[in-house]
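Please keep the sequence and the model in view throughout.

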Amino acid sequence: MNFKWSWEKATGAASLWCIAVGVLMMALWLAEPAGLAAAHPGLFGMKFNAALAFVVLGAGLLLAARGRMRLAALMMVPIFIYGAIALSQHVFGVDTGIDTLLNTPFVDIGTSRPGRIAPNTALCFMLMSIAIGRRALHQKNDIVQVALGFITFIVAAAALVGYAISLDFAHDWIRFTRMSFQTASCFVALSIAVVFVGTEKTGYNRLTIAAVLGLLTYLILLAMTYYELARYESAFGISFSSSGNNARGTLSSLVLISGALYGALVMHLYFSSRRARAMAADLAENRARLAAIIENAVDGIITIDERGIILSTNPACTRIFGYEATEMIGRNVKMLMPEPYHSAHDGYIANYQRTGEAKIIGLGREVEAKGRRKDDLIIPLDLSVSKLDLDGTTIYSGIVRDISERRASEQALIDANAELEEFAYRTSHDLRSPIASSLGLLGISRDMLAEGDIPALGQMLQRMEVNFRRLDHLIQNILTVTRTRLMEEDERPIALRPLVAEAIDALSHLDDFKRIRIENHVPAELTIVSKPSKFQVIVGNMLSNAVKYHDPKEAEPTIDVRAFRYGGRLRLSVEDNGLGVPPASRHLLFKMFKRLHPNRSFGSGLGLYILRKSAEALGGAALYEARDKGSRFMIELPDGE
């Protein structure tokens, strides 16, 4: 049973006890059973007014616990007034008539006045009404409530013990007045609820308070015993002595010695409890700090037992493997492993336990492994496993790190290096080729100039011009590739239709441009937030590719440009009825230096490669669809409106 839960239930138990005792005693007073009163007069020690007051106290405490603050506080006012009037009757020797206001006792059990409560009972009513009233108003325990409950408990507990050891003064402060057994039990129950429920929030330890209560009750009972002995000596004119030893002196010594011992024990308990609380607070803080580190760790942390059953995981494991913690805890850790590790895992643990030969466990270093996600995706991992011996139990702690991004980056770097090597080789070759050809043509031109062959010289110069144009085109493409990779640029809104119109006008110098019908179907209101220079490169390459590779035999060559949004993305397409891409060459699309129609138009073979790289730099992709006649090139980009 949860300890905190039990203390909170003490409020309800105390309330119900007071209500039950109060209702029962009220019923007895109203029923007036003369025979029962004659046979057992002690049953009627609790007066009718006191019984009613306990019903109200119990109900008020219960309402305060339920959050009915104002009503509970108001209920305590008449209880305090009743206790104050009853106490004043003893102090000032007056009769206010309150004792028989609600009920006239049918039997006299030897009290000073019919229906009058004892002064200790009246005092406790006042103390309890204040304590419960404060509880109702503040909705928490405080030092005042603890002090009031403290006093009430000592008075009531002393009365109960007095009944047990026949010490009349413990419950009879004044002759012919008595705190009844039922009354004392109700006050003890109420004071326990007031003192101990919620006490920890006030900064006081329950065990320390309980020890102090016991000590004070014990000392008060010893003092009452001492007083009772002195009263007997005075009343009967005798002295309790034997062989010259005075009994009162012996009792006094006993009180002092036992009180000192008990006090020392309480002090020891107090300081021990403070040390224990400090240690518990430090432990809780360290555990909270460790838990925070584990909970917020980037790497997954898994603990398993000797059978491979998962004992705990941290949130990073959920991110890495896709399983919630409840789906992993209690299952074998091999659920997170693909084959062949899945089938062999139990054997790994058994082999390590049998031989102590470490392959992964206890090596103290990371090894590469593979994990299986909830969606069955296999992911690369860095894994390190440590063995922990705790109180005779062995557990294994594993730290896993998803290295998918690292592997992807490594592969991207390898691919980039391979591309760079190919780019450097092909670029140097393609740069050198027109230069070498032009140098040869220059030598021939020099000879023609010396011989005066002017017409042939013009042809040589024209061929040299073609070579230099090819060289300039290649250099421009190289610059575009470099700019696409390295240029930093801020995003801003781009109106697509005007940008497409500008790109079409920029191609007007190309051969056969005027015979091609180019339709701009992009909606006028369509915009995208992107990097303008890279987007211009994309549109320009898509359109120039369609113009260069139109079908010269087509009676009406057409190019249609469209753009639209779907599924959170933007698609821009350029569709033509040109030469298309031969099926055997489609796997070469978007590769460097791949010219799919080398006899149709000269070029570097970098256009589609630049298109793909520019789209990827914007977070998108380049796509191709073959048509019955011609091609459709598309780019898809994130839709940043």
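**Reading the features of a predicted model**

A: W29 and F44 are both buried, where buried means under 20% relative accessible area, exposed over 50% and partly exposed in between (1.4 Å probe, protein chains only). This is a predicted model, in which local features need pLDDT of at least 70 and side-chain atom pairs count only at pLDDT 80 or more, while totals for chains, interfaces and linings use all residues. Residues are numbered from 1 along each chain as its sequence is written, and side-chain values use heavy atoms, with hydrogens and water left out.

Q: How many helices and strands does the chain have?

A: Helices (H or I, at least four residues) and strands (E, at least two) are DSSP runs, numbered from the N terminus. The chain has 17 helices and 14 strands. Of its 641 residues, 42% are buried. A contact is defined by heavy atoms within 4.5 Å; of the contacts in the chain with a separation of 6 or more, 64% are between residues 24 or more positions apart.

Q: How is an aromatic pair described, and what form does the pair of W29 and F44 take?

A: A pair of aromatic rings is described by the distance of the centres and the angle of the planes. Rings of Phe, Tyr and Trp (its six-membered ring) pair if their centres lie within 6.5 Å; planes under 30 degrees apart count as stacked, over 60 as edge-to-face and the rest as tilted. The whole structure holds nine aromatic pairs. W29 and F44 are edge-to-face, with 5.4 Å centre to centre and 80° between the planes. This pair links distant parts of the chain, since W29 lies in helix α1 and F44 in the loop between α2 (34-39) and α3, 15 residues apart.

Q: Which form does the pair of Y82 and F125 take?

A: Y82 and F125 are tilted, at 5.9 Å centre to centre and 55° between the planes. Here too the pair links distant parts of the chain: Y82 belongs to helix α4 and F125 to helix α5, 43 residues apart. Both Y82 and F125 are buried. Ring pairs also join F54, Y82, F125 and F187 into a cluster.

Q: Which residues have the most contacts inside the largest nonpolar core?

A: In soluble globular proteins, nonpolar side chains tend to be buried together. A nonpolar core is a set of buried Ala, Val, Leu, Ile, Met, Phe, Trp, Tyr and Cys residues joined through side-chain atoms within 4.5 Å. The largest has 47 residues, and M46, F54, L57, F125, M179, F187 and L190 have the most contacts inside it. At least two residues of this core come from each of α1 (3-31), α3 (48-65), α4 (69-92), α5 (119-138), α6 (143-165) and α7 (181-196). Leaving aside residues up to four places away in sequence, F187 touches F54, T121, C124, F125, M128, T152, A156 and M179. A second, separate core of 38 residues includes L496, A503, L507 and I538.

Q: Which backbone oxygen does the side chain of H90 reach?

A: H90 is buried, with a relative accessible area of 18%. Its side chain reaches the backbone oxygen of I117 at 2.8 Å.

Q: How many disulfides are there?

A: A disulfide is a covalent bond between the sulfur atoms of two cysteines. With a disulfide taken as a pair of cysteine sulfur atoms within 2.5 Å, the count is zero. C186 is in no disulfide, and the nearest cysteine sulfur, that of C18, is 4.2 Å away. C186 is buried, at 0% relative accessibility.

Terms used:
A polar contact is a pair of N or O atoms within 3.5 Å; within protein, one must be able to donate a hydrogen and the other to accept it, and residues adjacent in sequence count only if both atoms are side-chain atoms.
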